[in-house]
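Trainee: Got this one on screen. Walk me through it, please.

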Amino acid sequence: MVAPPPKLTISEWADKYRKLSKETSAEPGQWRTERAPYQREIMDSLNDPRIEKVVVMSSSQVGKSEIINNTIGYYIDTDPGPILMVQPTVDVVEDYSKRRIAPMLRDTEVLAEKVADSKTRDVNNTILMKVFPGGFLAMGGANSPAGLASRPIRILLCDEVDRYPNSAGSEGDPIALAEKRTITFWNRKKLFVSTPTRKGASRIELEYETGTQEKWCVECPNCGAHHPIVLRDIRFDHEIHDAGSRKIYQVHDIWWRCPSCFEHFDEYTMKRQPAKWVSENPIAIENHVRSFWLNAFVSPWYSWKQIIREFLESKNDPELFRVFVNTVLGETWEDRGEQMKEEALISRIENYPADLPDGVLLLTAGVDTQDDRFEYEIVGWGRDHESWGIEYGAIIGKPDDSQTLQQLDDILSRVYRFEDGKGLKVACTCVDSGGHYTSDIYKFTKKNEHRRILSIKGQGGPGIPLVHRYSRNNKEKALVAILGVDDGKSSIYSALKVQEPGPKYCHFPNGRGYDHFYFQGLLSEKLVPRKKNGVTQYVWEKISSSARNEALDARNYALAAREILNPNYDALEQRLKGVVQASVSPKKRVDAKKPLVKRSNIW
Ligand SMILES: [Zn+2]
């Protein structure tokens, strides 16, 4: 009697049989798990009979696809059954099948023997279906229910799940659809893999949280403590060179600083240290789920220098930085304003030498209307929408009271001066007309339209541009701008995240109403996911029901006033210097019959 061959794990199978193809790998030839040792336990956890689901939340370029490919190869060769691999779309999965699966099946001998080449026109083998003895590999796009809901499946592999649509056609959640197909198998296995996206809407993060939450922790060469390598423990030296409008960052030395003993070590040392998976939620083994998190710092295919350069290049642009956080740090992104602390904004308070610091080219105002007062902000704008808070204040009194309105009028008529004596007036003002005094506000703004003082009405909800449309459909025939306030709030919070003076940066002065309560109000809302008709939408909500959000609203209306003007900063600057005459012109023809009177805003 010959004993059966010992059962291999997935990593052992790959180390023995798997070949990397020259068109898909920079290192073609025999697969070696040792090249990126964190892959071993991820793959082999699928061999654990206690484990049904394995989740990998990570940065890109850590070898996620090869973990999927090895799993496919292993099951075809050693434990065949029905397999389904899902990618975000049909196009992506077709491409994946041609570029990654076909070369693996061709170059890995034990697989080539079992799966006939699709070029042989074997009807069983197409781009999206590979048949082998004892099973098949079906491949589907999460956007198409056809590929997800037919035969029962034992091995389910879902790649880039955070890029899946909320619904596969009209059939509902594609993951739920695919998972349903596995229930008839007691020995089913599921592998979910993705870079994360936005916090709260990230499927991979939700899946990660149901599992063992394991992080790849490297041993400190000095004290022996185990820690994941994360950006906050990285220290680096760098130089910044100006190359025209863009900056070039030159990164010199980079170290990891051990959070236990504070010793510093370089990348070369840390990438050769022993490391292990450390679970933050070991009890989840009982749920049959292991989940793993790792980032680019431990990838053999990503250098620390490259990571830090990408960090420096993206950190001042919220959109780029979000991509960096998701794809390099492997972390979800939070759009919430409250992530910023009031202290961080208070710490950037500066002393202006006069009412207006240099750089300001235009003033706008936003006025929030309450039953017993107005709250207003005057905002200065400069090149690339750099902004300066100029004054924040409240005018106490009922909005229908002529004295209250006169005080507001006085503030909006003031001349704000630079150090050299030149001055600016507010060029456009948006006054909130919601609440109990709508017709009083309409009357006030109607009378002052020639000074570009407009009524606004806020409209919540995603997808509505800040300056949405104009209307005169009211008894007073006042011009009312309908504002997509959520759009404005997103712009404000993304600008507040900019850390260096320059494009979009927000300056705040010492005093003039910019106190602790102001910053609390400015940061009083957050973006939260809310399901509506099965679709997750992001809406702005107050952090707590008692939060006061007038400061945020006033800034939003001042921002809308700037959008309405659509300023040409070049022309404004020339004009401030007294070189040529120019004027700001409204972005849209707000009223063909009654154009806003163009009036100089420089005195
Ligand atoms: Zn240490």
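Mentor: Start with two helices, α9 (residues 304-314) and α10 (residues 318-327): their axes come within 8 Å and cross at roughly 155°. That makes α9 roughly antiparallel to α10 (angles over 145 degrees). Axes are lines fitted to C-alpha atoms over the stretch in contact, with angles from 0 to 180 degrees between N-to-C directions. The model is predicted, so local features need pLDDT of at least 70 and side-chain atom pairs 80 or more, while totals for chains, interfaces and linings use all residues. Residues are numbered from 1 along each chain as its sequence is written, and side-chain values use heavy atoms, without hydrogens or water.

Trainee: Which residues of α9 and α10 make the contact?

Mentor: From α9, I307, E310, F311, E313 and S314. From α10, L320, F321 and F324. Contact means heavy atoms within 4.5 Å. Helices (H or I, at least four residues) and strands (E, at least two) are DSSP runs, numbered from the N terminus.

Trainee: And how do α14 and α16 cross?

Mentor: At roughly 100°. The axes of α14 (residues 485-496) and α16 (residues 550-565) come within 9 Å. The two helices are therefore roughly perpendicular (65 to 115 degrees). V485, G488, K489, S491, I492 and Y493 in α14 meet L552, D553, R555, N556, Y557 and L559 in α16.

Trainee: New topic. Is strand β3 buried or exposed?

Mentor: Buried, meaning under 20% relative accessible area; over 50% is exposed and in between is partly exposed (1.4 Å probe, protein chains only). Six of the six residues of β3 (residues 53-58) are buried, so the rest of the structure largely encloses this strand. K53, V55 and M57 point one way. V54, V56 and S58 point the other way.

Trainee: Which strands does β3 pair with?

Mentor: With β8 (residues 189-194), parallel, over five bridges. Pairing takes at least two DSSP bridges.

Trainee: What does β22 pair with?

Mentor: Strand β22 (residues 453-459) runs parallel to β21 (residues 423-432), with four bridges. It also runs parallel to β24 (residues 480-484), with five bridges. I456 of β22 is the bridge partner of D432, and I456 has A481 as its partner in β24.

Trainee: Are C220 and C261 buried or partly exposed?

Mentor: C220 is buried, at 1% relative accessible area. C261 is partly exposed, at 22%.

Trainee: Which residues other than glycine have a positive phi?

Mentor: Among them are E160, with phi near 50°, and H385, near 60°. E160 is in the loop between β7 (155-159) and α6 (174-180) and counts as buried at 18%. H385 is in the loop between β18 (373-381) and β19 (387-396), partly exposed at 30%.

Technical notes
Angles under 35 degrees count as roughly parallel, over 145 as roughly antiparallel, 65 to 115 as roughly perpendicular and the rest as oblique.
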